[in-house]
Amino acid sequence: MAATVTEYCTAVSNDVSKEMKEVWAWTCDSFDDADKMSSPLQGATMKFLAEWQQPKRVLEIGCFTGYSALAWYESTVSTQAEIITLELDPKMIAASRKTFDTYKLNDRVKLMEGPAQESIEKLTGQFDIIFVDANKEGYEGYVKRILDKKLLSPKGFIMCDNGTLVASDSFHANLADVQGIVFARGMTISTEANPQLPAKVRPYWTENGKALRNFNHFCKNDSRIDSVLLPLYDGVTLIKWKNGHNFVRLN
């Protein structure tokens, strides 16, 4: 049922561009772990939010094959936003650069290679949109350092993917014949939430679930921010500065 709902929502929402569909299909054809990529509905959501926010700078932690960077690029033509994306995996760095070269994104997209925590320390200035979709055990450290360094602009927001690790997105390389694949992991909610999870992957998802529970607790209790965890896709956390927060930048 969840996959049917996703397909319906995708069908009646704004469509993504031909270029985004091409990157989606290529990723699905080329990578066994393509389920890590944002869905077409997520891509449409990111574009909607960026067109509404009108950012001057965008930061994303986790580039994968460049699908989300393409979404930010297309949705910030009017502001000519600078887009900085961080990636560690050499395979995904090569894939991202292929996307950037193919679709001529290099005029506004900068890829920083290496561990995200080290790259964050090199960043200066402020970002109006920050998208986090990377290793789950790093979320709390990434967001905390972003807040400590005041990298988030006063009216900006952070969007973190995989807040619950329960996904139900349509996934298939052939976009004309979309079929649903349900990634029902659920380990953020409870280690007992998914008894059907195969034993060989249970330790991995259990550790990710623990990390995200800690991250969700951090977001709930940090006095500087407001946050909301939405049961969308496989969980999306939105974060902004709390109204009245004393915004003194400390780089």
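Author: The sulfur of Cys160 lies 6.2 Å from the closest cysteine sulfur, in Cys219, and that is too far for a bond. A disulfide here is a pair of cysteine sulfur atoms within 2.5 Å.

Reader: Cys160, buried or exposed?
Author: Cys160 is buried, at a relative accessible area of 0%. Buried means under 20% relative accessible area, exposed over 50%, partly exposed in between (1.4 Å probe, protein chains only). Cys28 is buried too, with a value of 13%.

Reader: What are the ground rules for the model?
Author: This is a predicted model: local features need pLDDT of at least 70, side-chain atom pairs count only at pLDDT 80 or more, and totals for chains, interfaces and linings use all residues. Residues are numbered from 1 along each chain as its sequence is written, and side-chain values use heavy atoms, with hydrogens and water left out.

Reader: What pLDDT does the chain average?
Author: The average is 86, and 83% of the residues score at least 70. pLDDT is the predictor's confidence in each residue, from 0 to 100.

Reader: Where does pLDDT stay under 50?
Author: Over residues 164-184. The model has 69 contacts beyond four places in sequence for that stretch. A contact means heavy atoms within 4.5 Å. Where pLDDT is low, the predicted coordinates should not be read in detail.

Reader: On to H5. Which of its residues are buried?
Author: Met92, Ile93, Ala95, Ser96, Thr99 and Phe100. They cover an arc of only 165° around the axis, so they sit on the same side of H5. The arc is that of the directions from the helix axis to the C-beta atoms. Helices (H or I, at least four residues) and strands (E, at least two) are DSSP runs, numbered from the N terminus.

Reader: What do they pack against?
Author: Helix H2 (18-30), helix H4 (67-75), strand E2 (82-87) and strand E3 (109-113). On the other side of H5, Pro90 and Asp101 are exposed.

Reader: And the ends of H5?
Author: At the start, a side-chain oxygen of Asp89 comes to within 2.9 Å of the backbone nitrogen of Lys91. After H5 comes Lys104, with a positive phi near 55°.

Reader: Now H7. Which residues are buried there?
Author: In H7 (residues 139-148), Tyr139, Tyr142, Val143, Ile146 and Leu147 are buried. They fall within an arc of 125° seen down the axis, so they line one face of the helix. Just after H7, Lys150 has a positive phi of about 55°.

Methods
Polar contact = N/O pair within 3.5 Å; in protein donor to acceptor, adjacent residues only side chain to side chain.
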